[in-house]
Amino acid sequence: MNRLPLLDPEAWDRFPDPRQALTEPNGLLAFGGDLSPRRLLAAYSLGIFPWFGEHEPILWWSPDPRCVFHTRNPRINRSLRRQLRGKRWRLSVDHAFEQVVRACAAPRANDSGTWLVPAMIDAYVQLHRLGHAHSVEVWDGERLVGGIYGVAIGRLFCGESMFSAESGGSKLALVALARLLHEMDFPLLDTQVSNPHTLGLGAVEVPRAEFLRQIARLGQRPGLVGSWAAFTPRLIQPCGG
């Protein structure tokens with residue numbers, strides 16, 4: 001049995017090679033460390049992300065394959081078009097980051113809990129305040145009906161979680177984010193692991209080795225640190241094609 005590495009609490013930028021991650025469970029790489037901004041940014045730049053539940057140590061992952069969007073390719077499929085028909089929703093960027101994260105953390109149907117424990121919420125809110133984490137929000141009037149958030153590293157965007165309070169809310173946020181990222185010269189949106197919703201909107205699975213090659217290149221490019229709220233007018237219209 002492979003022994004899972006324990007991260008050195010003093011070496012915030014030191015992680016095992018992601019290619020050494022376990023195959024079962026897929027991608028489990030290490031445990032321990034902390035959720036400080038510098039450690040989180042170092043992890044994302046290496047294709048690693050935290051994911052753990054209540055009463056568990058911090059666990060770090062890099063699954064194979066990886067699910068990504070090439071941001072030039074998102075699509076509004078027929079299912080989403082039906083869900084959006086007649087809606088008068090509006091979109092924003094970085095207007096309600098913490099609200100989006102807390103909505104993502106709320107228990108969902110048939111779920112026994114959440115991986116977004118309080119320490120994780122605090123960590124991403126801190127990254128947002130430092131200008132490294134961003135959200136896209138979907139509004140029906142003044143009510144938040146969907147959203148997505150993630151972390152920007154260079155010209156790579158690492159999507160973390162999304163939610164819907166109305167059918168189609170999270171999908172619209174994802175498509176809007178991908179299109180905005182394409183305009184901003186972010187060619188890749190990481191969604192970590194695949195699910196039917198992301199695949200239906202144009203996501204693809206790539207081998208971890210290929211993903212790591214791409215993020216090594218994208219992570220070194222100049223990023224856009226700070227609030228992205230000013231990009232709100234560039235988002236797609238809610239019922240656009």
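Is Cys-158 buried or exposed? Cys-158 is buried, at a relative accessible area of 2%, where buried stands for under 20% relative accessible area, exposed for over 50% and partly exposed for what lies in between, computed with a 1.4 Å probe on protein chains only.

The model is a predicted one, in which local features need pLDDT of at least 70 and side-chain atom pairs count only at pLDDT 80 or more, while totals for chains, interfaces and linings use all residues. Residues are numbered from 1 along each chain as its sequence is written, and side-chain values use heavy atoms, with hydrogens and water left out.

**Cysteines**

Taking a disulfide as a pair of cysteine sulfur atoms within 2.5 Å, the structure holds zero disulfides. The closest cysteine sulfur to that of Cys-67 belongs to Cys-158 and is 13 Å away, which is too far for a bond. Cys-67 also counts as buried, at 1% relative accessibility.

**Aromatic rings**

Rings of Phe, Tyr and Trp (for Trp, the six-membered ring) are paired if their centres lie within 6.5 Å, with planes under 30 degrees apart called stacked, over 60 edge-to-face and the rest tilted.

| Pair | Centre to centre | Angle between planes | Class |
|---|---|---|---|
| Phe-15 and Trp-60 | 5.3 Å | 70 degrees | edge-to-face |
| Trp-228 and Phe-231 | 6.4 Å | 85 degrees | edge-to-face |

Helices (H or I, at least four residues) and strands (E, at least two) are DSSP runs numbered from the N terminus. Phe-15 lies in the loop between strand S1 (6–7) and strand S2 (28–32), whereas Trp-60 belongs to strand S4 (residues 59–61), so their pair ties together parts that are 45 residues apart in sequence. Both Phe-15 and Trp-60 are buried. Trp-228 is buried as well, with a relative accessible area of 2%, and together with Phe-157, Phe-186 and Phe-231 it forms one aromatic cluster.

The loop between S1 and S2 also holds Glu-24, which counts as exposed at 66% relative accessibility. The C-alpha atoms of Glu-24 and Pro-63 are separated by 9.8 Å, although the two residues are 39 residues apart along the chain.

**Helices**

Seven of the nine residues of helix H1 (residues 37–45) are buried, so the helix is largely enclosed by the rest of the structure; among them are Arg-39 and Tyr-44. Gly-47, which follows H1, has a positive phi, near 80 degrees.

Helix H5 (residues 169–183) has 15 residues and reaches 21 Å from its first C-alpha to its last, close to the expected 21 Å, the expected span being 1.5 Å times one less than the number of residues. H5 is mostly covered, with twelve of its 15 residues buried, including Lys-171 and Leu-174. Asp-185 follows H5 and has a positive phi, near 65 degrees.

**Nonpolar cores**

A nonpolar core is a set of buried Ala, Val, Leu, Ile, Met, Phe, Trp, Tyr and Cys residues joined through side-chain atoms within 4.5 Å. The largest has 50 residues, and those touching the most other members include Tyr-44, Trp-60 and Tyr-124. Helix H4 (residues 118–129) gives the most to this core, with six residues. Apart from neighbours within four places in sequence, Tyr-124 is in contact (heavy atoms within 4.5 Å) with residues including Tyr-44, Phe-97, Tyr-149 and Glu-160. A second, separate core of 32 residues includes Ile-76, Ile-148, Leu-174 and Leu-201.
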